[in-house]
Amino acid sequence: MFLFEGPDRRKEEERMRSEGRLPPGQSLTLKFPVLHYGPVPPFNPATWDFRVWGEVESERRWTWDEFNQLPRTRVVMDIHCVTRWSKFDTVWEGVSVRTLVEEGLIRPKPTAKYVMQHAEYGFTANLPLEVVLQDNFLLATHFNGEPLTPDHGYPLRGVVGHIPSRPDLETPYFWKGAKWLRGLEFMPADRRGFWEQAGYHNRADVWKEERFG
Ligand SMILES: Nc1nc2c(c(=O)[nH]1)N[C@H]1C(S)=C(S)[C@@H](COP(=O)(O)O)O[C@H]1N2
Ligand SMILES: [Mo]
């Protein structure tokens with residue numbers, strides 16, 4: 001993956017290492033690799049919806065048009081894949097779950113402790129609620145100023161990454177963001193998602209190299 005990226009890659013990698021932004025065991029890529037299990041799903045804006053259910057005061061369902069009326073947020077993050085590539089200063093736009101909670105658009109019950117992302121074809125990814133409410137987790141529609149491409153999750157995906165100015169935020173590996181996202185389930189207890197059931201680490205902290213469970 002790294003052989004043909006030229007001399008810029010190594011220079012950039014050294015810079016990130018010296019700035020303390022390269023987690024252990026990771027290499028910088030200038031590309032944006034595509035990784036997922038199964039096919040890329042079609043998108044039909046007339047039938048697509050986004051649902052919120054489980055440990056919430058009232059369940060929610062937004063159509064694609066309605067989802068696009070929600071308050072929007074832009075986040076710049078470094079993303080770290082468990083397969084050892086890292087991509088720096090990636091720009092994401094979309095909807096912050098924290099904002100939805102602050103605006104009362106989602107009202108988690110006090111019993112809500114974990115969140116499952118539910119994507120097309122039954123793909124799932126679990127995170128603690130406290131991580132989903134952090135500034136480094138976003139329901140993203142856009143990458144680097146453009147709508148997501150189909151293979152990166154169009155029209156909507158979860159993303160989680162590292163904000164260099166926010167070392168206080170827990171940073172899980174990038175698989176903890178589900179592409180082709182269709183809903184969030186608020187849960188009283190943890191359940192393992194797709195890759196977590198397949199042997200990957202449940203918490204997946206990049207700085208602790210929590211790759212496998
Ligand atoms: N729906 C879905 N989302 C998914 C996956 C998947 O298999 N299905 N794989 C995860 C994994 S393992 C990774 S590393 C990232 C990769 O995202 P990318 O293809 O945009 O680089 O997506 C995550 N989200
Ligand atoms: Mo992955």
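Modeller: R51 sits over the face of W53, 4.6 Å from the ring centre; a charge counts as over a ring if NZ of Lys or CZ of Arg is within 6 Å of the ring centre and within 35 degrees of the ring normal. This is a predicted model, in which local features need pLDDT of at least 70 and side-chain atom pairs count only at pLDDT 80 or more, while totals for chains, interfaces and linings use all residues. Residues are numbered from 1 along each chain as its sequence is written, chains are lettered from A and ligands numbered from 1 in the order in which they are written, and side-chain values use heavy atoms, without hydrogens and water.

F186 belongs, with F50, F67 and L139, to the residues with the most contacts inside the largest nonpolar core, which has 29 residues. Such a core is a set of buried Ala, Val, Leu, Ile, Met, Phe, Trp, Tyr and Cys residues joined through side-chain atoms within 4.5 Å. Buried means under 20% relative accessible area, exposed over 50%, and partly exposed in between (1.4 Å probe, protein chains only). A second, separate core has 15 residues, including F32, W92, A140 and I163.

The whole structure holds 23 aromatic pairs. Rings of Phe, Tyr and Trp (its six-membered ring) pair if their centres lie within 6.5 Å; planes under 30 degrees apart are stacked, over 60 edge-to-face, and the rest tilted. W92 and F143 form a tilted pair, 4.9 Å centre to centre with 50 degrees between the planes. This pair links distant parts of the chain, 51 residues apart, with W92 in strand 5 (residues 85–95) and F143 in strand 8. Strands are DSSP runs of E, at least two residues, and helices runs of H or I, at least four, numbered from the N terminus. W92 is buried at 0% relative accessible area, and F143 is buried at 16%. Another tilted pair, Y200 and F212, has centres 5.2 Å apart and planes at 40 degrees. Both Y200 and F212 lie in the segment after helix 5 (194–197), 12 residues apart. F212 is exposed, at 53%. Y200 and F212 are also part of a cluster in which ring pairs link them with Y37, F123, Y173, W175, F194 and W195.
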